[in-house]
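Subject: Structure for you to look over

Dear colleague,

Please find below the structure I said I would pass on, together with its sequence. My notes follow it, and I would be glad if you read them with the model open beside you.

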Amino acid sequence: MKKNDLTRIILLITSLLMLVIGFVMSKSNIEILILGILAIISLVVLDRQASDIVKLSKNNPKVKTFRFLNMFTLLIVVLCFILALSSSDNQVSITEDNKILIIGLMSAFMMIFGNSSPKIPFNRYLGLRLPWTIRDEETWKIAHRLIGYLSFPIAIIMFIMSFFFDGNIVGIVGILTWVIIPSIHSYIFYYKRLKGFN
């Protein structure tokens, strides 16, 4: 069995377990603990197999970007895990008391991820993984370049708006805008490119 096949099997099993546990178990510390551990296992496997996944040498700067973003995501998962365990309802939710902190963290995540996104190598595991972005490397590059351009303006607007509006709405609108615009633009690019090949 190839290393890549084993990586896919491990990631598939942990993802399926996360889905089943998320739907079956009641909201408890045990569920959060299991989901957190499974997420961490997935991210550690991705980190260990980074160069094989993106099919580049270990010293390639794109592999280093992939590993950096993977470890950054791991840090965010652990932080959300700790926040969920420390809250009374076992969830990371935006309230009036923590609104600025949570939106600030979301904005920081968007800026760091967005700054690195144009350097993410073409892969199936990390980044904007849509049917059309994982089929065509040029579409992948267009989508991630646009994520990079949008990250700072959206993050700054989100943070400013959190002082005036409901944090949940600001967070949802900001994240959706950040994801939907590159998704639509890259789909249009892919469709035109596909049509051009026919």
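Thr139 is in contact with Trp132, Thr133, Ser186, Phe189, Tyr190 and Arg193, once its neighbours within four places in sequence are left aside. Please keep in mind throughout that this is a predicted model. Thr139 is found in helix H6, and it counts as buried because its relative accessibility is 0%. Its side chain is also joined to the side chain of Asp136 by a polar contact of 2.6 Å.

Are the two partners buried or partly exposed? Asp136 has a relative accessible area of 12% and is therefore buried, whereas Arg193, at 30% relative accessibility, counts as partly exposed.

Another residue of helix H7 is Tyr187, which counts as partly exposed because its relative accessibility is 40%. The C-alpha atom of Tyr187 is separated by 10.0 Å from that of Ile142, although the two residues are 45 residues apart along the chain.

The loop between H5 and H6 deserves a look of its own, and Asn123 is one of the residues placed there. At 4% relative accessibility Asn123 counts as buried, and its side chain has backbone atoms as polar neighbours: a polar atom of that side chain lies 2.7 Å from the backbone oxygen of Pro121, and a polar atom of the side chain likewise lies 2.7 Å from the backbone nitrogen of Leu126. Leaving aside neighbours within four places in sequence, Asn123 is in contact with Ile53, Val54, Phe66, Ile134 and Trp140. Tyr125 lies in the loop between H5 and H6 too, and at 18% relative accessibility it counts as buried, because the cut-off for that class is under 20%. Val54, already named as a contact of Asn123, is 71 residues from Tyr125 in sequence and 9.2 Å from it in space, C-alpha to C-alpha.

Turning to helix H5, its 18 residues should span 26 Å at 1.5 Å a residue, and its end C-alpha atoms are 26 Å apart, which agrees. Which residues of H5 are buried? They are Lys99, Ile102, Ile103, Ser107, Met110, Phe113, Gly114 and Ser116. An α-helix has 3.6 residues a turn, so residues three or four places apart point the same way. Ser116, which lies in helix H5, counts as buried because its relative accessibility is 8%. Not counting residues up to four places away in sequence, Ser116 touches Thr65, Phe68 and Leu69, and its C-alpha atom is separated by 9.7 Å from that of Lys62, a residue 54 residues away along the chain.

Finally, a few values for the chain as a whole. Its secondary structure comes to seven helices and zero strands, and 37% of its 198 residues count as buried. The chain exposes about 11,800 Å², of which carbon and sulfur atoms supply 69%. Among the contacts with a separation of 6 or more, residues 24 or more positions apart account for 65%.

How values were computed
Residues numbered from 1 in each chain as written. Predicted model: local features only at pLDDT ≥ 70, side-chain atom pairs only at ≥ 80, totals over all residues. Heavy atoms only, no water. Helix = DSSP H or I, 4+ residues; strand = E, 2+ residues; numbered from the N terminus. Buried < 20%, exposed > 50% of the residue type's maximum accessible area, 1.4 Å probe, protein only. Polar contact = N/O pair within 3.5 Å; in protein donor to acceptor, adjacent residues only side chain to side chain. Contact = heavy atoms within 4.5 Å. Expected span 1.5 Å × (residues − 1). Areas by Shrake-Rupley, 256 points an atom, 1.4 Å probe, with all protein chains shown as cover.
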